[in-house]
Amino acid sequence: MEKRKVAVITGATRGIGNAIASRLAADGFAIAACGTMSSESAAKRLKAVKEKTDFLYVTADMSRQEDRENLISAAVDRFGRIDALINNAGVGSVKQENILDVSEESLDRVMEINLKGYLFTAQLAAKQMIRQVQEEPEGDRPVIINMSSISAYTLSLMRGEYCMSKAAITMLTKLLAFALADHEINVYEIRPGNILSDMTLPVKEKFDRYIADGLHPLRRWGTGEDVAKAVSAICKGYLPYTTGSAIDVDGGFHMKWID
């Protein structure tokens, strides 16, 4: 019997990560998911995923090396392989402050999760992926996907730490793509735009007006499923001659135009 492909998804208990887990489970992937909440709480949020596929949940704080190591080793111990790493876990600024007032503590927290978490989780997963490529020279190639944001290039003076962390993910993606190209392991950045979720509900009314007024050409909120479909296409191998690139899932926000 053919083994299921395995996807490791960080930050899978809510929002975009949860939608990705559900989509890849429907695609037939086994899912190794992580989040900071307890297994009992996560089970409620990931119930639909568990019902669709082979499933593992690991409680992990991606700023902690021991937690990253435990996530990857638990996934390999359980499933024997990793075919896709989706670096998705992330945090915003603790409080919105002008860039001139941002504290070292706030910057450190955002960078430890949004950048260091991505880099060092990718290092661990990549080593496993390289072993698989060597053992299965004719097999499908693993992929790494880094979840970024339109904030990688869009200024927000009151969320400077977040913007800097997402801009750094753009460079991290290119570096990993170059380093892993000889192993035929492709690396992608996905840049979601305005995605409706529990995290964006506090600003929904304000952005409803912006979107209606033409903030981006597609005049609707994005959904977690919109992002999950892009992840699914990559994980299915539909973009084999693309690496180090950013994929915009933003309703066209990245386009510049003049009326």
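Predicted model: local features only at pLDDT ≥ 70, side-chain atom pairs only at ≥ 80, totals over all residues.
**Strand S1 and its partner**
- Strand S1 is joined to strand S2 (residues 30-35) by four bridges, and the two strands run parallel.

**Helices H1 and H8**
- The axes of helix H1 (residues 15-26) and helix H8 (residues 224-235) come within 8 Å and cross at roughly 50 degrees.
- H1 and H8 are therefore oblique to each other.
- The crossing of these two helices, H1 and H8, is right-handed.
- On the H1 side, the contact is formed by Ile16, Ala19, Ile20, Arg23 and Leu24.
- On the H8 side, the contributing residues are Gly224, Glu225, Val227, Ala228, Lys229, Val231, Ser232 and Cys235.
- Classified by residue type, the contact of H1 with H8 comprises eight nonpolar, two polar and three charged residues.

**Helices H5 and H6**
- Helix H5 (residues 104-135) and helix H6 (residues 160-180) have axes that come within 9 Å and cross at roughly 15 degrees.
- Because angles under 35 degrees count as roughly parallel, H5 is roughly parallel to H6.
- The crossing of H5 and H6 is right-handed.
- H5 contributes Ser106, Leu107, Val110, Met111, Asn114, Leu115, Tyr118, Leu119, Ala122, Ala126 and Ile130 to the contact.
- H6 contributes Glu161, Tyr162, Met164, Ser165, Lys166, Ala168, Ile169, Leu172, Leu176 and Leu180.
- By class, the residues of the contact of H5 with H6 are 16 nonpolar, three polar and two charged.

**Ile113 in helix H5**
- Ile113 belongs to helix H5.
- Ile113 counts as buried because its relative accessibility is 14%, and the cut-off for buried is under 20%.
- Setting aside neighbours within four places in sequence, Ile113 is in contact with Asp61, Ser63, Ala89, Gly90, Val91 and Tyr118.
- Among these residues, Tyr118 also takes part in the contact of H5 with H6.
- Gly90, another residue in contact with Ile113, lies 23 residues from Ile113 along the chain, and the C-alpha atoms of Ile113 and Gly90 are separated by 6.0 Å.

Key: Residues numbered from 1 in each chain as written. Heavy atoms only, no water. Axes fitted to C-alpha atoms, helices over the stretch in contact; angles between N-to-C directions. Parallel < 35°, antiparallel > 145°, perpendicular 65-115°, else oblique. Left-handed = near helix turned anticlockwise from the far one by under 90°. Contact = heavy atoms within 4.5 Å. Nonpolar A, V, L, I, M, F, W, Y, C, P; charged D, E, K, R; others polar. Pairing = 2+ DSSP bridges. Buried < 20%, exposed > 50% of the residue type's maximum accessible area, 1.4 Å probe, protein only.
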